Amino acid sequence: MSKEKLEYPHISLPVPQMKPVYDVVVIGSGYGGAIAASRMSRAGKRVALLERGKEKWPGEYPSKLRECLKEVQFSSPKRQMGNKTGMFRFHDGSSQDALVACGLGGTSLINANVALEADDRVWDMSVWPDEIKNDRESIKRGYDRAREMLEPSEYPSHYPELPKLKTLEEQAKLLGEEYHKNFYRVPITVTFEDRINAAGVQQYASTLTGNDCTGVNDGSKNSTLMNYIPDAWNHGCEIFCECDVLRIKKCEKTGRYIIFYEWLDDNRTNFAKESRNAPFFVIAEVIFLAAGTLGTNEILLRSSAYGLKVSDRLGKGFSGNGDILGFGYNLDHFVNGIGSGNIDPANMKAPVGPCITGVIDMRRDAENVLQGYVIEEGVVPPAMGKSFQVVLKSGSTAIGSKPDITYSESASRKWRQVKSAFGGYYTGATSHTQTYLVMSHDDNTGQLELVNDRLKIDNKGVGASDTVKKLNKVLEEATLKAKGTYIPSPLWTKPLGRGLVTVHPIGGCNMGKDGKFGVINHKGQVFIGNSKDVHEGLYVCDGAIIPTALGVNPFFTICALAERICEYAAKDRDWSINYGLIGRQIDYNRPLVSYEQNEPDLIKRPRNHELEGGISFTEVMKGYFSTEILSTDYVTAELQAKSADSTMQFLLTVIAYNADTLVDMDDHSAIIIGTISCRALSPDPLLVTRGKFRLFIPETDKVDSNRMMYNLNLKATDGTKYRFKGYKLVKNGKMREAWKQTTNLYVTVYLRGDDEEEDLDEVNVTQEDEEEDLRKIVGRGILQMSPFEFMKQLTTFKATGPNDLSKIKAMITFDDFFVSTMLKHVFVRFLPLEYPDQKPVPAAFHHKCRPNKSVWEITAEDGVKSLLFRYQGGRKGPILLVHGAAMSHEMWSTNLIKKSFLDYLLEHRYDVFLVDYRLSPTNPACKNQATLDDIRLDHAAAVKKVREVTGVETIGVIAHCVGSITTFMGLLDGKIEGVGCLIGSQVAMHPILGFWNNVKMHLKLLPFWKHVLRQTEFDVRTSSNTNILNKVVDQLLRFYPVPKSQTCRSALCHRASLCYGTLYQHENLNQKIHDNQHTFFGTINLTTMQHLHVAARKKLILNYQGQNTYATKENVRNRLNFPICLIHGEENVVFDIMSTKKTYDTLRTINGEHNYVHHEIDKYGHLDCWWGTNASKDVFTKALSHLEETQHLWGYNAGQPKKDYRDSSSSDD
């Protein structure tokens, strides 16, 4: 067999492509499930097939012991061991064990292919509903349809003679004529010629390897994977593997069925508990439950425990189909009963052949149908060859029945044993061993139940029945007459409790006339309780429905009943099943029916399961979610949720189909699949119907920040739709801060309407966005990841690709991007400095149109000129805006933020004036030395000009920092007249420095700069081409002490911190204004700074000579007795909060409290009060409130009745 012939394409889809709703969902892919998927797809329905195991095609099945052991899973009421998707699933029961298969194709992947109909008398038994007993034609149609698709045939007479088949016939002769006449070659679902089968699948002639029990790799085995399943796919069925269905629920609201399943992806196995407790779900109008007898019973038992109404008979009437296993060891006949594995059959002494090729069918002559049975020969998997030798050797001694033979015969037997011991299991005694497989009738009294949420098989006494003893005697006789030692199943011994193992478990969901006698009706519909009423859309169509042992291999009868159930299901709904064969080979690139063209691009991907250099990982996060706190205060929301024990957790798998795309594309996106558990939103897990993950998106509204974004569309089992928006904010800081940032997720959940588009492309979520339409916000919270869960997450990272090189490249690409990005935030002090001249010219934000600007040149008392600008927005005010040190009026008007304070005032119809006084870098006088006393003269000239232009007696002034200090100085000594309202920002009459500014002052850095380095000014602006002194300063300032999380790479920012102190909380600024401060920052002369230090040492505004000529009690009483508002950022480290508080206390003490207001702005620093991304909501509103509340006392509205400004002014956008 050439390798090319074995290249079958995978046809299942990745679980992320599963739709939330289907017409039909089929659970299981064995005979019943495959038939249901094929027939319902042929009826034109949109079908999903869910299979617990993996998709493996011929050429992929294990054959060696090491490979097989990886595919073994063990289940018992006490534990689950092994890979849950392993191909061989062994159930440890009480007196009855069972072996079934797990994979796309179900047990048909490893069964022995025998396609025998049940004895006609079986259908007359009382256990069947009357509709079955009286409708043999429908059973016959079912057999015929299955025969047409599965195409069973006998082992061809022209094929090589099979020793095991010949031996079985000889043993039948030795047993007597009654046995020999019932021997024949059994019809098996094996292909003996290269051909296109009934489903259009290419199959190849059997190479007679006998590897049926571990999967035949030559493409000859007619498992459902070779016919019904590809036929279903060809007619539009969507197939999903690694889906372990847990339970079914009926939605009372919609009448539809909800199938909860665990996705057994390798990435999620380390979160087994979370995965099982937060299952996925899919919704269907109709369900066909065909997970195999044990799987179907387990699902329905669990569903019943969760509230699904079913019959009390569920789990009862279980049968092992009378399966008996035995061995005829060291016969006189050469048997060759061990599969050839990977050995070329041409190199074998004789071919092994398919697992079963012959039968001694003792059903025909049995007087009572329950006395019928069949004996078939079997093949031991080659992977078990060595262990089989050990079992035979020890078993022949301990429990074997030896023949009565002559001395010469005994010598021959011993010689064969020696040959096996040295020559291996294809020689000697082992090669002369016949494996017996018997199917008979047991009493169908076994029971299946859930213990510790695991299935328990209880079939006590099944191996102690007279039938089992009798049939073991028959096998013993057949062996002894062939001069061999009979070894019964090792389980069927007294020490092991006379247990049996079955490969044909049936029953537990038996057919019956009503719920008192069965679990389903004759159509396969599940009874509601013990009544005759049924769940109209819930069908069972596998071996679980058979109410009696059949005395023969059951799969063909299961097929007949499944075909019948599908026929009735379609008939009851007026669906028409097209039973016509397609008549040509399947085109795996173009199925007859496909729905893929309707799928969103987000989840499209090639059919091949291997991702082209992709990366995936799984994470669990847990926390608290509040439906009471809807504001953006996530911490308060978390605290409220904790008090109410309102929890939320998710288990999500992130899949990037291409690691390069995840790293290189602007939005760094990948898809998300998973579930979210939150009792506040739904009693059941919420399904992620679509999800998008973005890795390290630059946060434009915050400085040097990246977001990890989680945008998810959620669906509850009752149909309610939600939008989940979560983000992790990563910013500059220490390692422990980086840990918190990457393990804290800030969550907002919105209610989503049915007609809303599923747009997942939002990148940055601003506070403005988050607060939009609070009626849609359901709640907020914070989810976290523990160190233990983080370590488990690391083990889930998996690179995928067509070869090892692409996998390694994908992992390196992702790791490099992730680690380098995180290190940039942690070790930011050691990264290259950023200079303004290296940045591109900034693009302004869109802003509202402003009135025409008027400009005047004004002259101070000492002859220094300044510029005064006017934007007449209305008849409120007028307001004069006074900037801080070394800044221009663009501090108030910059277009580098979404809404400047100037635009805010204009929106509220204020007449706004701005001054560029002598400290402004746009004013030529900025190069000259100036005291604070001098600067107050500029303000006096500006106020005078405003009053002159507007004709008002008093105006309003808003002054920041040095502008505020000098405005207070001018007011206190009378130089400034005509101010009726004042807002002072960050400092007023009492300049009390922050900690590090105080340290710098006492270290006398200013005198050092001035007298030692002989400098007269300090320019916060710098460039990569600056002089050596500034280059040294720039490098040293990397290590300037700044508040927590305020490190950055900007050389200008560092220099500003040295000169003034850290001017803002970086997280409050957008990246654009941070990178372009040089457009309105400039030089500060050292005389001004020296005067500031004079005042700071005394913590009071003084003249340059150090005299208190300003803040006397008399001046305060006479000249500051009008409305004054003081604004101070809580995190301000330039001036301590006591700067404004002490002024506030002084004003109230001297003049009373009625004119004065103090605002401490949480989480804001110095300049960010006016530049912050959200300052328009957090700060501007407070300033506006003061202006509006006092406007009747000054300016254009002086003397008018006081109004409620909230009724008269325009609202904030």
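I looked up which elements line the second largest pocket: α15 (634–643), β31 (721–730), α17 (735–743), β32 (744–752), α18 (767–770), β33 (777–784) and β44 (1156–1161) each give at least two residues. Helices (H or I, at least four residues) and strands (E, at least two) are DSSP runs, numbered from the N terminus. The model is predicted, with local features needing pLDDT of at least 70, side-chain atom pairs counting only at pLDDT 80 or more, and totals for chains, interfaces and linings using all residues. Residues are numbered from 1 along each chain as its sequence is written, and side-chain values use heavy atoms, without hydrogens and water.

A pocket here is an open set of points on a 1 Å grid over the protein atoms alone, where a 1.4 Å probe fits, with protein on both sides within 12 Å along at least five of seven lines; lining residues have an atom within 4 Å of a point. I noted 41 lining residues, with Lys702, Lys731, Tyr746, Glu1067 and Lys1163 nearest the centre. The largest share of this lining, four residues, is from α17.

Leu50 and Phe288 touch the most other members among its 169 residues. Helix α14 (residues 555–572) supplies the largest share of this core, eleven residues. A second, separate core has 113 residues, including Ile935 and Leu1167.

Key. Core = buried A, V, L, I, M, F, W, Y, C linked by side-chain atoms within 4.5 Å. Buried < 20%, exposed > 50% of the residue type's maximum accessible area, 1.4 Å probe, protein only.
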